[in-house]
Amino acid sequence: MTEWTDTARKLAEEVTATAPEWYDSVSSTPRHQLVPRWWEPIPDSYPFAWGLRTPQPDHPWAEVYADETLVTRVGSLHADGADLSDRPTGLPTSSSTLPGLIVHLLDPHEHDQVLDVGTGSGYSAALLAHCLGDNHVTSIDVDPYLVDIARERLANFGRTPRFEVADATGSLPGADYDRILATVSVRPIPPAWLDALRPGGKIVATITGTSLLINADKHADGVVRGRVQPDPATFMRTRHETDYPARLDQVYDAARDQPGDETRQLTGPLPDVWDDWQLRCLYELDTPDIENRSARRDGGTQIMWLLAADGSWARANSETMTVHQSGPHRLWDDLERVRARWTSASRFPLHTMTVELAADRNALISPDGTWTLEL
């Protein structure tokens, strides 16, 4: 049987070709000890559900040492404490981030002090500790179980970075970090991160509700400036409890097939905010925390719903070319306004946006400087 080290070396060869400084970390870190079991979506399940996965006896390392994200907890149910019969239907709340993304997110230098935000399985902390040394890495998570089990599992193979239970949006353990790497998404960037970052230090993080990965450096005036990165990345949002708030099912029930307060014709093709991820990101930046759902019916008809916690909703139908809206806000009008403005700006690629982070203001700025989106 192939040893895990052989498979880990193959993974390292795959993901570190352009980042060779990470080869030893990836090839030497026993990911299977950090992720003994994980969750995978059950195909064609309704409602959407997850099933427990364990290493296959004939190829025990193939899936664990793939360049894939492994979900380790769904809702409040961690794979460690689950039964094979469990079928959770919630959102992922912990994972082991795909290795290739981790090694390309950060360019640490010798002697750097790094804050790893979002312990998860402990895999990113293990890679960083191997690369920089245990005493140069601090890893935090809001969940005590994740912190405790990661500390224990890393210690089993000789890695002892500092682990702390902490809310990433509040005060941080320690200060004077050279790098802050977040594998959870935030909005805005917490002021404590800006305070804890040394001049010349770097923040790498994603913006909640978007696929926008920012890479920004702290300047002498205390402002952190940088850019959106070319490749999209999506991480779980920060949370304060074991699980995320419930989805807006009651709003969806009202929106599913009711006429609403207003009915009008679509002014253009029905946008696909899942395929057009850049439009989705701009809409989220302009109108935060809107839940969107979509369906394709027999015959190809597409329907999209936009849902808000205040009870506002919109439903668009590609066959009838109609929009129904209800509630205190006209969500579809907001989406069309954002799309029109982006179109008038020649649909600039989002990686051409710059970012400015200060204690009193977080902003993404269009390449021509005429459109500022506050975080």
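Biologist: What makes helix H5 (residues 123–132) largely enclosed by the rest of the structure?

Modeller: In this predicted model, 8 of the 10 residues of H5 are buried, so the helix is largely enclosed. To be called buried, a residue must have under 20% relative accessible area. The ones in H5 that pass are Tyr-123, Ser-124, Ala-125, Ala-126, Leu-127, Leu-128, Ala-129 and Leu-132.

Biologist: And which residue follows H5?

Modeller: That is Gly-133, with a positive phi near 105 degrees.

Biologist: How do you know that helix H9 (residues 277–286) is mostly covered?

Modeller: By the burial of its residues: 8 of its 10 are buried. They are Gln-278, Leu-279, Arg-280, Cys-281, Leu-282, Tyr-283, Glu-284 and Leu-285. Their packing partners are S10, strand S14 (291–296), S15, helix H10 (331–344), strand S19 (361–365) and strand S20 (372–374).

Biologist: Why is Leu-335 called buried?

Modeller: Its relative accessible area is 1%, and the cut-off for buried is under 20%, so Leu-335 counts as buried. This residue is found in helix H10. Leaving aside neighbours within four places in sequence, Leu-335 is in contact with Pro-271, Val-273, Leu-279, Tyr-283, Met-304 and Leu-306.

Biologist: Why is Gly-209 called partly exposed?

Modeller: Buried needs under 20% and exposed needs over 50%. Gly-209 has a relative accessible area of 33%, so it is partly exposed. You will find Gly-209 in the loop between S10 and S11. Apart from neighbours within four places in sequence, Gly-209 is in contact with Arg-237 and Glu-284. From Gly-209 to Leu-350 is 15 Å in space, C-alpha to C-alpha, and 141 residues in sequence.

Biologist: Let's turn to the aromatic rings. How many aromatic pairs does the structure hold?

Modeller: There are 4 aromatic pairs. A pair of aromatic rings is described by the distance of the centres and the angle of the planes.

Biologist: Why is the pair of Trp-4 and Tyr-65 called stacked?

Modeller: The ring centres are 5.9 Å apart, which is within the 6.5 Å limit for a pair. The planes are at 20 degrees, and stacked means under 30 degrees, so Trp-4 and Tyr-65 are a stacked pair. Trp-4 lies in helix H1 (residues 4–15) and Tyr-65 in the loop between strand S2 (50–53) and strand S3 (70–74), so the pair ties together parts that are 61 residues apart in sequence. Both Trp-4 and Tyr-65 are buried.

Biologist: What makes the pair of Tyr-252 and Trp-305 edge-to-face?

Modeller: Here the angle between the planes is 75 degrees, and the edge-to-face class takes angles over 60 degrees. The centre-to-centre distance is 5.2 Å. Tyr-252 belongs to helix H8 (residues 249–255) and Trp-305 to strand S15 (residues 302–307), so this pair ties together parts that are 53 residues apart in sequence. Tyr-252 and Trp-305 are both buried.

Biologist: Which residues touch the most other members of the largest nonpolar core?

Modeller: In that core of 53 residues, they are Val-117, Ile-189, Trp-193, Leu-306 and Trp-332. Beyond four places in sequence, Trp-332 has contacts that include Arg-264, Leu-266, Pro-271, Met-304 and Leu-306. Apart from this core lies another, of 38 residues, among them Trp-22, Leu-105, Val-114 and Ala-150. In soluble globular proteins, nonpolar side chains tend to be buried together.

Biologist: How many cavities of 30 Å³ or more does a search of the whole structure find?

Modeller: The search finds 1. About 60 Å³ of space lies in the largest cavity, and a cavity is a space where a 1.4 Å probe fits but cannot get out. Its lining includes Leu-34, His-78, Asp-80, Ala-150 and Arg-153. Helix H6 (residues 144–156) gives the most to this lining, with 4 residues. By class, the lining residues are 4 nonpolar, 4 polar and 2 charged.

Biologist: What is the volume of the second largest pocket?

Modeller: About 320 Å³. Of its 19 lining residues, the closest to the centre are Leu-101, His-104, Leu-105, Leu-213 and Gln-229. The biggest contributor to the lining is H4, with 5 residues.

Methods:
Residues numbered from 1 in each chain as written. Predicted model: local features only at pLDDT ≥ 70, side-chain atom pairs only at ≥ 80, totals over all residues. Heavy atoms only, no water. 1 Å grid on protein atoms, 1.4 Å probe; cavity = no way out; pocket = protein on both sides within 12 Å on 5 of 7 lines; lining within 4 Å. Points joined across faces, edges and corners; volume = space filled by probe spheres on them. Helix = DSSP H or I, 4+ residues; strand = E, 2+ residues; numbered from the N terminus. Buried < 20%, exposed > 50% of the residue type's maximum accessible area, 1.4 Å probe, protein only. Core = buried A, V, L, I, M, F, W, Y, C linked by side-chain atoms within 4.5 Å. Contact = heavy atoms within 4.5 Å. Phe/Tyr/Trp six-rings, centres within 6.5 Å; stacked < 30°, edge-to-face > 60°. Nonpolar A, V, L, I, M, F, W, Y, C, P; charged D, E, K, R; others polar.
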